[in-house]
Amino acid sequence: MIEEFRRYNNVEAREIRDVVMDVFTRSYVEQTATGDPFRSREAFGERFDAYTRGSGFDLVVGYISGAAVGQSWGWPLGPDSAWWGGLQLDDAAEDQAAFVAEDGARTFALSEIMVDVDHAGQGYAHALHDELLKARTEQRGTLLVKPDNERAYGAYRRWGWSRVGTLTPGWDHAPTFDVLIRPLG
């Protein structure tokens, strides 16, 4: 069981960048070994640095016996957010402009949940998910999941997330993800 959760804003998260990178390295062992440039340590570090430039970033790190074993983070989507770029909604009748209209208080983008391989499969991802989201005041959450990631996809569905479409982020070598949504609060 995770003994302690610590929450960090964008400035504090940059101060523990080494911890964040270490948890990533221990969590994505198989993915980084494939050589996929999107899953490389360097690409992950670049994305983390970009995410923590703006205010609103929210990071939760889980600790056992003083060691970081997992982390989860995200941020509220503002009016100029690039998050929805390339979105293809499943429901063609849905008003896409209304769906993607953001004001900084409508949608929280849950960007990452990861647990090191030695602690995977013990419910820690769910605990990190819940700890991160319980403090959020936005109306809804969104996240991206690879369609073939059956383990994560199944967990997200059990935790109340539903697919609304697909999207390919603007990052180099980014795959196409399914877009999931769930109400918050």
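1. Helices (H or I, at least four residues) and strands (E, at least two) are DSSP runs, numbered from the N terminus. Keep in mind that this is a predicted model, where local features need pLDDT of at least 70, side-chain atom pairs count only at pLDDT 80 or more, and totals for chains, interfaces and linings use all residues. Residues are numbered from 1 along each chain as its sequence is written, and side-chain values use heavy atoms, with hydrogens and water left out.

2. Now look at helix α2 (residues 17-27) and helix α4 (residues 41-51): they pack at an angle of about 140°, and their axes are 11 Å apart. That makes α2 oblique to α4 (under 35 degrees is roughly parallel, over 145 roughly antiparallel, 65 to 115 roughly perpendicular, and the rest oblique).

3. Who touches whom? On the α2 side the contact (heavy atoms within 4.5 Å) is made by R17, V20, M21, D22, F24 and T25. On the α4 side you'll find R41, F44, G45, E46, F48 and D49.

4. Next, the rings. The structure holds 13 aromatic pairs; rings of Phe, Tyr and Trp (its six-membered ring) pair if their centres lie within 6.5 Å, with planes under 30 degrees apart counted as stacked, over 60 as edge-to-face and the rest as tilted. F24 and F44 make a stacked pair, 4.0 Å centre to centre with 10° between the planes. F24 sits in α2 and F44 in α4, so this pair ties together parts that are 20 residues apart in sequence.

5. F44 also pairs with W73, and this one is tilted: 5.7 Å centre to centre, 45° between the planes. W73 belongs to strand β3 and F44 to helix α4, so the pair links parts 29 residues apart in sequence. Are these two buried or exposed? F44 is buried, with a relative accessible area of 1%, and W73 is buried too, at 0% (buried is under 20% relative accessible area, exposed over 50%, partly exposed in between, with a 1.4 Å probe and protein chains only).

6. Finally, check two backbone angles. Most residues other than glycine have a negative phi. S65, however, has a positive phi near 50°; S65 lies in the loop between β2 (58-64) and β3 (67-76), and is exposed at 65%. H173 has a positive phi near 65° and lies in the loop between β7 (162-167) and β8 (177-183).

Key
Axes are lines fitted to C-alpha atoms, for helices over the stretch in contact, and angles run from 0 to 180 degrees between N-to-C directions.
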